[in-house]
Every structure is written in C-alpha cells, then in structure tokens.
Amino acid sequence: MKIIMLGAPGAGKGTQAKMIADAYNIPHISTGDIFRANIKNNTELGIKAKKYMDQGLLVPDELTCDLVVDRICQEDCADGYVLDGFPRTIPQAVCLDKALEGMSDKIDYAVNVKVPDENIVRRMSGRRACAKCGATYHIVHIPPKKEGICDRCSSELILRDDDKPETVLKRLSVYHAQTQPLIEYYDEKGVLVEVDGTQEMNDVFAEITGALK
Ligand code: AP5
Ligand code: MG
C-alpha cells in the first residue's frame with residue numbers, strides 16, 4: 001500500500017504515519033526527519049535545508065524530489081510506504097507522479113488529517129521529539145512515561161527548533177499557500193481520504209484504517 005499523508009504542520013501526520021507503518025509493516029518516510037538527520041550530521045544537504053527550515057519556509061523542490069524518488073526505489077519500499085511531509089507542493093506531486101508512472105505504479109491513498117489552525121499552535125508548543133529515534137510526544141496529550149525521556153530508547157526529548165510560535169505561524173501560512181492545493185489535486189485523482197485529526201490519536205487511526213482497503 002502506497003500512502004501519502006497530507007495536513008497542516010502539527011496535524012498529526014507523523015504520529016499517524018508511524019502507526020500506519022507499524023500496522024502494515026511498511027517504511028515511514030518523513031522528509032522532515034530526513035532533513036533533520038542531515039542537519040544533525042552537518043551534511044551539505046543539512047546545511048542548505050536548515051536555512052529554510054529555521055524560517056518556516058519550504059526547502060526548494062530541487063533538493064527534495066530526487067531524494068524521495070531515490071528512497072522509494074529502494075528494496076524495502078517494494079510492498080509500499082507512507083510518505084509523511086512529501087509532496088508538499090504541486091511540482092513535487094507532479095514529480096512523484098512522473099516517477100511512479102515510470103515504474104507503472106501509483107499512489108493508493110492520500111490521507112488528509114484535518115485540524116483547524118487554532119489547535120495547531122497549542123499542539124506544537126507541547127510537542128517533544130526524541131533526538132535519537134524520532135518518536136514524538138505531547139506534554140499534555142501524549143506524555144512519555146518519564147518526563148523528558150523517550151519511552152522507546154531512553155534518550156532525551158527535545159523541542160524542535162521550528163516549533164517556536166512565530167515560526168509555527170509562518171509554517172501555517174506556507175502550508176495554506178503551497179500545500180493545501182494538493183488536497184484538490186488528490187481528490188481529482190480519486191484517492192483522497194479525509195479524517196478528523198482533532199480526535200484522540202487512536203480514534204484518528206481507526207478512522208484512517210477504516211478507510212484503507
Ligand atoms: P515536517 O517535519 O514535515 O513538519 P510539518 O509538516 O510542519 O509537520 P510536523 O512534523 O510539525 O507535524 P505532524 O503533522 O507530523 O504532527 P505530529 O504527529 O508531530 O517538516 C519540517 C520542515 O522541513 C518544513 O517546514 C520544511 O522546511 C521542510 N520540509 C519537509 N518536507 C519538505 C518538502 N517535501 N518540501 C519542502 N520542504 C520540506 O503531531 C504534532 C503534535 O501533536 C505532537 O506533539 C503530537 O504528539 C501531538 N498529537 C498528534 N496527534 C494528536 C492527537 N490526535 N491529539 C492530540 N495531540 C496529538
Ligand atoms: Mg511530522
């Protein structure tokens with residue numbers, strides 16, 4: 001099953017993508033996580049991406065498309081994958097479609113996790129992420145068992161650099177301008193699934209799996 005996660009920053013794409021990947025035993029591919037790993041390792045890509053991410057802007061398409069196309073061609077993606085945070089612009093979606101056409105393949109579902117802007121800033125300021133394994137928590141809604149420590153790998157939890165309120169507002173405006181048009185794009189292709197992302201995490205997941213056949 002080949003799935004795309006759509007939704008505003010903080011809508012819960014990553015949270016749901018991890019649950020889907022575990023349930024269907026397919027890889028979870030997050031462009032945000034790939035960029036953050038590159039920033040941490042101080043790679044050329046990481047240095048370039050950081051300039052945009054810290055301002056709440058999108059990393060240019062030319063740094064993003066090839067990276068994802070290369071990734072989905074790897075062996076572990078043969079039975080499917082969950083793309084989280086890609087595509088994020090119409091040109092990225094067109095690039096993905098072209099690459100898939102070349103492999104006589106297509107996306108099965110684009111899952112849009114809907115959460116109103118008012119809820120987003122609150123969620124992001126409470127998010128904590130594990131710097132090592134990428135697991136995410138929320139200090140109120142999804143707290144770790146031990147404060148500040150990852151349940152999975154016992155590493156320290158951190159607040160992401162781009163989760164400051166002013167950067168979150170910028171990311172939201174970029175989302176509405178550049179990413180929201182993808183909802184119509186995938187609706188026209190007949191693969192759109194919309195779910196209410198304001199529900200409790202397991203209820204959101206149940207709504208998603210109920211729609212995937
Ligand atoms: P990316 O890492 O993709 O960030 P994002 O889209 O802004 O989304 P987030 O990861 O912030 O939120 P999420 O929807 O995954 O929510 P989460 O599950 O964590 O991208 C970061 C940056 O990288 C971009 O700004 C851009 O610069 C660059 N980039 C990445 N991909 C790119 C691309 N394709 N092209 C160009 N640039 C790109 O949940 C949020 C919080 O809410 C958590 O604390 C979570 O625990 C909590 N939560 C989740 N679900 C629930 C629930 N149901 N109820 C209550 N709390 C919940
Ligand atoms: Mg995410």
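User: Which element gives the most to the shell around ligand 1?
Analyst: In this predicted model, helix H2 gives the most, with 4 residues. The elements that give two or more residues are helix H1 (13–24), helix H2 (31–40), helix H6 (117–126), strand E6 (136–138) and helix H9 (201–211).

User: How many residues surround ligand 1, and which are the closest?
Analyst: The shell holds 36 residues, and the closest are Thr15, Leu57, Arg88, Arg127 and Arg171. A residue belongs to the shell if one of its heavy atoms lies within 4 Å of the ligand. By class, 14 residues of the shell are nonpolar, 13 polar and 9 charged.

User: How much of the area of ligand 1 does the protein bury?
Analyst: Taken alone, ligand 1 exposes 1,000 Å², and the protein buries 96% of that.

User: Why are E5 and E7 called paired strands?
Analyst: Pairing requires at least two bridges between two strands. Strand E5 (residues 127–130) and E7 are joined by 2 bridges, so they count as a pair. These two strands run antiparallel. Ala129 has Ile158 in E7 as its bridge partner.

User: What makes E6 and E7 edge strands?
Analyst: The open sheet has 3 strands in the order E6-E5-E7, with antiparallel pairing. E6 and strand E7 (157–158) each pair on one side only. H6 packs on the sheet, touching E5 and E6, and its direction makes about 45° with that of E5.

User: What is the omega value of the peptide bond between Phe86 and Pro87?
Analyst: Omega is about -5°, and the bond is cis. Pro87 lies in the loop between strand E3 (81–84) and helix H5 (90–102).

User: What is phi of Asn25, and where is this residue found?
Analyst: Phi of Asn25 is near 55°, which is a positive value in a residue other than glycine. Asn25 is in the loop between H1 and strand E2 (28–30).

Key:
Residues are numbered from 1 along each chain as its sequence is written. Chains are lettered from A and ligands numbered from 1 in the order in which they are written. This is a predicted model: local features need pLDDT of at least 70, side-chain atom pairs count only at pLDDT 80 or more; totals for chains, interfaces and linings use all residues. Side-chain values use heavy atoms; hydrogens and water are left out. Accessible areas come from the Shrake-Rupley method with a 1.4 Å probe; for residues, only the protein chains shown count as cover. Ala, Val, Leu, Ile, Met, Phe, Trp, Tyr, Cys and Pro count as nonpolar, Asp, Glu, Lys and Arg as charged, and the others, Gly among them, as polar. Contact means heavy atoms within 4.5 Å. Axes are lines fitted to C-alpha atoms, for helices over the stretch in contact, and angles run from 0 to 180 degrees between N-to-C directions.
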